[in-house]
Amino acid sequence: APQTLRAVRGEILHFLSDPAAYGAAASEHFADGILAIRDGHVAELGPAEDMLAKLPSDIVLDDYRGKLILPGFVDTHIHYAQTDIIASYGEQLLAWLERYTFPAEARFADPDHAAAVASFFCDELLRNGTTTAMAFATVHGTSVDALFEAARQRRMRLITGKVLMDRNCPDFLRDTAESGDAESRALVERWHGRDRLLYAVTPRFAATSSPEQMTRAGRLFAEHPGLYLQSHVAENRCEIEWIARLYPDARSYLNVYDGFGQLGPRSVYAHCIWLDDADRARMAATGAAMSFCPTSNLFLGSGLFDLASARAQGIRVGIGTDVGAGTSFSMLQTLNEAYKVLQLNNQRLSATDAFYLATLGGARSLYLDAQIGSFLSGHEADFVVLDPQATPLLARRMANCASLDERLFVLMMLGDDRAVAATHVMGEPAGLHPALSKNSKT
Ligand code: GUN
Ligand code: ZN
């Protein structure tokens, strides 16, 4: 097949390393740049003037001048099956799970429901500029099939897995240590490494898995190279007391996962609010990652994430929306709330650090920075195009900005899905891919 070459022009920004460590040298910025894409991968990036001189004159060129092009956002923690209970009133974690979450997840026994929500979910991520997500499905294997299939049809990078829970949950959502293990293994065979899709072993949290299930989850995670593991840790005070009663011998909540071999590269833990320095040292030493979920942590009244301590210990950190406890699919709105969480902790989140976390930082926390997160040559060409003039207020405030840093900060504080002018996946405008969607086969 002939190679396809296309390009986009606009203001372009991406990160090559962590700005907290490397300052201005961590990023590359072109006020008027062109990103050239061959077969869905970055071919070259440079100033528009230079690039125009060397690209074929008949190239497909999307002109986004006046807009800002960034690598697609990476959402490191979200629940697709909670899409329909976002913004549910009144509870903290454990009551919220019982009252809203478990009933909503029960509906995913129906494959048609799962497929409909999965399609909406992927479209909503893309509408918000998120091109990669690490997502929880439900306890039903078919819910995993539905999400992988929706992502595949849109050519997205997506990590998900069957939720494991064999105790302390309603009967209608319960697997067994054995069935959960067997179903997970079948899903790994079917999906892991297919197209851009990756599998995550998914024990919901230590409270809903028996020691036997936890042992098997850790074993599966260790057995298969490249597999992920996702769970929740140290989110809510009552949850932590409960874990301490269930695992009286563990030094800490995180230590429970550690004891079952569930910490390591490609393990991602949501929340990580109530950890101590010994826990943080273990996360750093094992290469596990934290997902900072500010809108969820504020919505459920869980607590304030300590980014400075995570950073000081060199732990990988990404941003998660944690929909449906999180209140927005928008990474911009999530960065806005991250800023406020850190304010309450007497910490600061610069716009540069924030956009790093939402792109390359997220990719690094998922060990995917050789594929996504920046515009290095050969990387998958996923990007978001932000419109700094998207609303009257944005336009007015932008007129008062003197620097790129200031403009980025205004974008993350005032921006949301309205500021996303376009999202591209593998170089092309995002959406159902005509050659991959079922409807096109007929
Ligand atoms: N802990 C265990 N399950 C969940 C969940 O679905 N959402 C959140 N925020 N925390 C959890
Ligand atoms: Zn979660």
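Predicted model: local features only at pLDDT ≥ 70, side-chain atom pairs only at ≥ 80, totals over all residues.
Figure 1. The residues of α4 that are buried are Ala 114, Val 117, Ala 118, Phe 121, Cys 122, Leu 125 and Leu 126. Because these residues cover an arc of only 165 degrees around the axis, they lie on the same side of α4. An α-helix has 3.6 residues a turn, so residues three or four places apart point the same way.

**Figure 2. The length of helix α4 and the residue Gly 129.** Helix α4 comprises 17 residues, numbered 111–127. At 1.5 Å a residue, α4 should span 24 Å, and this agrees with its end C-alpha atoms, which are 24 Å apart. Gly 129 follows α4 and has a positive phi, near 85 degrees.

**Figure 3. The two domains of the chain.** Domain 1 is made up of residues 5–71 together with 374–429, whereas domain 2 covers residues 73–349. A separation of 30 Å lies between the C-alpha centres of domain 1 and domain 2.

**Figure 4. The contact between domain 1 and domain 2.** Domain 1 gives 14 residues to this contact, and domain 2 gives 16 residues. On the side of domain 1 that touches domain 2, the elements that contribute two or more residues are α16 (404–414) and β15 (420–425). The residues on this side of domain 1 comprise nine nonpolar, two polar and three charged.

Technical notes: Residues numbered from 1 in each chain as written. Chains lettered and ligands numbered in written order. Domains from an automatic or database assignment. Contact = placed C-beta atoms within 7 Å. Helix = DSSP H or I, 4+ residues; strand = E, 2+ residues; numbered from the N terminus. Nonpolar A, V, L, I, M, F, W, Y, C, P; charged D, E, K, R; others polar. Expected span 1.5 Å × (residues − 1). Buried ≥ 20, exposed ≤ 12 C-beta atoms within 10 Å, placed from the backbone. Arc of directions from axis to C-beta.
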